[in-house]
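Here are my notes on the model you sent over.

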Amino acid sequence: MADLSTNDEAVAAALDTPVRRGEPILQVRNLKKHFPLTQGILFKKQVGAVKAVDGVSFDLYQGETLGIVGESGCGKSTVAKLLMNLERATAGEVFYKGQDITKLSGRALKAVRRNIQMVFQDPYTSLNPRMTVGDIIGETFDIHPEVAPKGERRRKVQDLLDVVGLNPEYINRYPHQFSGGQRQRIGIARGLALNPEIIICDEPVSALDVSVQAQVINLMEKLQDEFNLSYVFIAHDLSIVRHISDRVGVMYLGKLAEIGTDEEIYEHPTHPYTQALLSAVPVPDPQARADRDRIILTGDVPSPANPPSGCRFRTRCWKAQDKCATEQPVLAVPERFRGQKTLAAHESACHFAEERDVVHAG
Amino acid sequence: MLLEVRDLHVEFHTRDGVAKAVNGVNYSVDAGETLAVLGESGSGKSVTAQAVMGILDIPPGKIPQGEILFKGEDLLKLKEDERRKVRGAKMAMIFQDALSSLNPVLSVGEQLGEMFIVHKGMSKKDARAKAVELMDRVRIPAAKERVGQYPHQFSGGMRQRIMIAMALALEPELIIADEPTTALDVTVQAQVMDLLAELQRELNMGLILITHDLGVVADVADKIAVMYAGRIVEQAPVHEIYKAPAHPYTRGLLDSIPRLDQKGQELYAIKGLPPNLLAIPPGCAFNPRCPMAQDVCRTDVPPLYEVTESPVPRSSACHFWKECLHG
């Protein structure tokens, strides 16, 4: 009995944590991006579309980290580009402080982008090899001269290098003179240069060695506290996403399958895809290899040009029934958990959502 | 013992000097056993494997010292045509990037069948039948229909299965898999690792798994060799090493990865960077990054000490392995 009550208290405490802080800084509503598939050379006609992102909605709050996980081809990087308006959305809205940025262009878009910056995956290709570090970071001030007057730019760049843990004297060096981890720090310094409120990170540590990964993750967490940044953290490594995120969204074939706090998603997943994904992660604990509940999915991810009808996961799902082929599940708190004080009561797009612990050895 | 590597050295002569990629590696694998070689980029884990397979580019590479004993015979003393008979038939390799390892203008059937035509002198028709059989074996659905397709028509996971099929074609006794699942998604990674482990059991092969992923290692390996700057710094059965590492580098690696099953505090980060192979620090190569380093570490290269307190054979190249084991 005593055991049960402490468990209840833990759940209550987790439910009461003030996750929502005022107004969301970014609101994404039914965002879609379809890339046309064309045929013919002279007279191109559209024969279909790759539905890379097909109806994604979420909120991002000030100072929080929203992790987005999913396998390659699920549309997570396209979401990142849409949030920056680097790709034009086919449909849907992205509200930054109430303003829909998918409709903006020209000067208005430039002004918004000052507050939303991006850090890319590959520090080897995202830095121009012919520019010095000072030019790479300083270039942001050419585009937004109001942030730093000409005479102060060099000092400002040196300050930024210092903030990300690089020697300010390296300002005249070229990217090839740095290691992978140091280059990613340069990428982060560039992202920070304009004092943005939101940084979108697309796989920022996946190209780095294990021992260097931890350094960069720690730096990003420190900077978040220092500048009250909001992160959208896109990655395929589920352990890293859990470590850094306050909330996590799981994407599959252009849609969110499940979204919730890190504890809700990792300890109480209700969507079968999330469960399969989590159970497939190899855990660095040989003791667990026999005891863990493992779900091995069959087959590959279907093509986003021709996604399955109804629920997109049904072709690989062990729970699929007739209903799943005809009726598309909506992303909402499943009916059976609605109004209950349990961490399973979070948004999940499955007709047959049920809780299953897959990360702990049983 | 199926394979024994003894005091292997590999160096590369470059414009800037001699890069010492491998500096005295010893390891062994028995039939049916899985040895995981763990290390970061530049640790020499792949170069060692390439030397074993005999696919190292010489020059610029050079093997100044060492022995590679395959069932007691030193492969380094063989002539190139003798070596070629061992490669593929007795030992085979699976590479990380299946797309660039397969020939894009030949059908997978032709590439799989080539093994039988070259090594066994089979006819084209028989080789094709063998190719279908192999594709069935690595569970590629509709193998008969797909045998004529080209690599780009397969998904990443399916391509890696074809790589595995190719490695298994002549039923080798030893498989070397260099980051076989790094390029794959987690759900597919689990499928491929399961398949590999199952086939290994079935054929009683020795497996050398080269990886940087501590999770994958824990899932499949029997024993681990951790490499740093071209040397093995710790070698132990998999359970022992995760329970109590006897080298500060291994400890640092284990502490620096976030956990899936609990939300941790700040990550432990090993300070600094892996060394430049042109100028490996004197003494223990890890000393500039090591929290336990003393004066002796900066001058004396630690030998691979036997961890005497352990009931199973394990070793650590740290002067202070005892303190590390208990700390």
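1. Confidence first, by element. Residues are numbered from 1 along each chain as its sequence is written, and chains are lettered from A and ligands numbered from 1 in the order in which they are written.

2. (A contact means that the C-beta atoms of two residues, placed from the backbone, lie within 7 Å.) Where pLDDT is low, the predicted coordinates should not be read in detail.

3. Now the A–B interface. On this side, 35 residues of chain A are in contact with 39 residues of chain B. The elements of chain A that give two or more residues to it are helix 7 (210-227), helix 8 (238-244), helix 9 (262-267) and helix 10 (272-280). Helix 7 of chain A gives the most, with six residues. By type, the chain A side divides into 18 nonpolar, 10 polar and seven charged residues.

4. Which residues touch the most other members of the largest nonpolar core? They are A:Val232, A:Val250, B:Ala165 and B:Ile224, in a core of 189 residues. Helix 7 (residues 156-168) of chain B gives the most to this core, with eight residues. Domain 1 (22-33 + 50-245) and domain 2 (270-348) of chain A both give residues to this core, so it lies between them. A nonpolar core here is a set of buried Ala, Val, Leu, Ile, Met, Phe, Trp, Tyr and Cys residues joined through C-beta atoms within 7 Å. A residue is buried if 20 or more other C-beta atoms lie within 10 Å of its own, exposed if 12 or fewer, and partly exposed in between, with C-beta atoms placed from the backbone. Leaving aside neighbours within four places in sequence, B:Ala165 is in contact with B:Leu112, B:Leu134, B:Met135, B:Arg137 and B:Val138.

5. Back to the two domains of chain A, whose bounds come from an automatic or database domain assignment. Their centres, taken over C-alpha atoms, are 30 Å apart. Seven residues from domain 1 and seven residues from domain 2 make up the contact. On the domain 1 side, strand 2 (45-61) and helix 8 of chain A are the elements that give two or more residues. Strand 2 of chain A gives the most, with three residues.

6. Have a look at helix 2 (residues 76-83) of chain A. Seven of its eight residues are buried, so this helix is largely enclosed by the rest of the structure. The buried ones are A:Lys76, A:Ser77, A:Thr78, A:Val79, A:Ala80, A:Leu82 and A:Leu83. Just after helix 2 of chain A, A:Asn85 takes a positive phi of about 60°.

7. Two residues in chain B are worth a click. B:Ser46 lies in helix 1 (residues 45-53) of chain B, and it counts as buried because it has 20 C-beta neighbours inside 10 Å. Not counting residues up to four places away in sequence, B:Ser46 touches B:Asp178 and B:Ile210. B:Pro288 lies in the loop between helix 11 (248-256) and helix 12 (295-299) of chain B; with 15 C-beta neighbours inside 10 Å, B:Pro288 counts as partly exposed.

Conventions:
This is a predicted model: local features need pLDDT of at least 70, side-chain atom pairs count only at pLDDT 80 or more; totals for chains, interfaces and linings use all residues. Helices (H or I, at least four residues) and strands (E, at least two) are DSSP runs, numbered from the N terminus. Ala, Val, Leu, Ile, Met, Phe, Trp, Tyr, Cys and Pro count as nonpolar, Asp, Glu, Lys and Arg as charged, and the others, Gly among them, as polar.
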